[in-house]
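Let's take a friendly walk through this chain, one local feature at a time. Keep the viewer open as you read.

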Amino acid sequence: MYTNQPDFRSRNARRRRRRRLKIRVCGSLISIALVCILIAFMYLITSEKQSPGMEGSFSNQDVQNAGLTPADADIKITEKDIDLSSLYSPNAILVKLQSGEVISAHGEDDKIYPASLTKIMTAILAIENTPDLDRSTVLPYEIFSGLYAEDASMAGFLPDETATYRDLLYGILLPSGAECCLTFAQDIAGSESAFTDMMNSKAAELGMEHTHFTNTTGLHDTDHYTTVRDLSVLLEYALKNNDFRTAFTSQAHHTQPSELHPDGFTFSSTLFTNLDSSEASRGRILGGKTGYTDEAGLCLASLANINGREYILITAGADGSHTTAQFNILDAIHVYDQLENIR
């Protein structure tokens, strides 16, 4: 009997170890089951909170953050979903060109300085008051010293150079040539001051109630101001003119030969020069006019064709300069990307 006692004790020890092991396994299984139940419960609560009013769809912001298209997310984005409040530009307005309907706006009635967007008014008045754009004129020698002193944007014409009015028109809208503005002003009205009076009269005629011009070029003056809403009214009006629209949507222009440029010369649109080549190749942005002064910030008036519909977008006041990223153009691309998602 003594000899059998160790076997008995050994069997009891093995039984106790097996019971302890079973208890540990059961405990682990129960813990796992409780965790799974908790996860499932939390999922159900989250789903219930998300479901009312969403109908199983992503929000527009979800789509944008995820880089999805509406088809990917199975939602419908409308023009009214376009948001201009998060742009680099604090002032912006988006208008459907055919109807004149304002799709979206932000800071649209704030007083702004238009910089070279002023030249939209200069250009349309130049067209309307020049019977023959293919007739030639001479750029006055005396206008250049002041423009050089102010470091104004120039198209590249020289003092006393002969040029056609059409070349001067393209010189206003593409490279933002101040010498072209002053030549038209003197030829049409006798002086820049008198031409500016015509600009203010035209603004009143178009209902631009919060606009006042003091020059033809957009060089800074505290009494030279407007709003992006007023500028959208102006651009909508100007684009009805075929000569304006053709120049506004051109990427470059080669001038007629002159005695000072025997082979002519080529200037390019400040918009398309700064537009990424891949974006330009998509053909959505048809044309535009850029603007910049220290006080005005980066500005842009652009025309685009998105899904067969034309829109104009006016933005102003973006931080930056000619030497930084062109945040005005980045804003336009962002807005037109949103429009392209509409189905």
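**A walk through the model**

Glu-108 is buried, because its relative accessible area is 19% and the cut-off for buried is under 20%. Please keep in mind that this is a predicted model. You will find Glu-108 in the loop between β2 (101–106) and α4 (118–128). What is Glu-108 in contact with, leaving aside its neighbours within four places in sequence? The residues are Ala-92, Ile-93, Thr-227, Val-228 and Arg-229.

Two of those partners, Ala-92 and Ile-93, bring us to strand β1, which covers residues 91–96. β1 pairs with β2 in the antiparallel sense, over 5 bridges. One place to look is Lys-96, whose bridge partner in β2 is Glu-101.

Next come two helices. Two packed helices are described by the angle between their axes and the distance between the axes. The axes of α6 (residues 165–173) and α7 (residues 178–189) come within 8 Å and cross at roughly 130°. α6 and α7 are therefore oblique to each other. On the α6 side, the contact is made by Tyr-165, Leu-168, Leu-169, Gly-171 and Ile-172; α7 contributes Cys-180, Cys-181, Thr-183, Phe-184 and Asp-187. Sorted by class, this contact has 7 nonpolar, 2 polar and 1 charged residues.

Is Glu-192 buried or partly exposed? Glu-192 is partly exposed, because its relative accessible area is 26%. This residue lies in helix α8, residues 192–205. Not counting residues up to four places away in sequence, Glu-192 touches Leu-182, Ala-185, Asn-215, Thr-216 and Thr-217. Take Thr-217 as an example: Glu-192 and Thr-217 are 25 residues apart in sequence, while their C-alpha atoms are 9.7 Å apart in space.

Our last stop is helix α13, residues 327–340. From first C-alpha to last, its 14 residues reach 20 Å, close to the 20 Å expected at 1.5 Å a residue. An α-helix has 3.6 residues a turn, so residues three or four places apart point the same way. With that in mind, look at the buried residues of α13: Asn-328, Ile-329, Asp-331, Ala-332, Ile-333, Val-335, Tyr-336, Gln-338 and Leu-339.

How values were computed:
Residues numbered from 1 in each chain as written. Predicted model: local features only at pLDDT ≥ 70, side-chain atom pairs only at ≥ 80, totals over all residues. Heavy atoms only, no water. Helix = DSSP H or I, 4+ residues; strand = E, 2+ residues; numbered from the N terminus. Buried < 20%, exposed > 50% of the residue type's maximum accessible area, 1.4 Å probe, protein only. Contact = heavy atoms within 4.5 Å. Expected span 1.5 Å × (residues − 1). Axes fitted to C-alpha atoms, helices over the stretch in contact; angles between N-to-C directions. Parallel < 35°, antiparallel > 145°, perpendicular 65-115°, else oblique. Nonpolar A, V, L, I, M, F, W, Y, C, P; charged D, E, K, R; others polar. Pairing = 2+ DSSP bridges.
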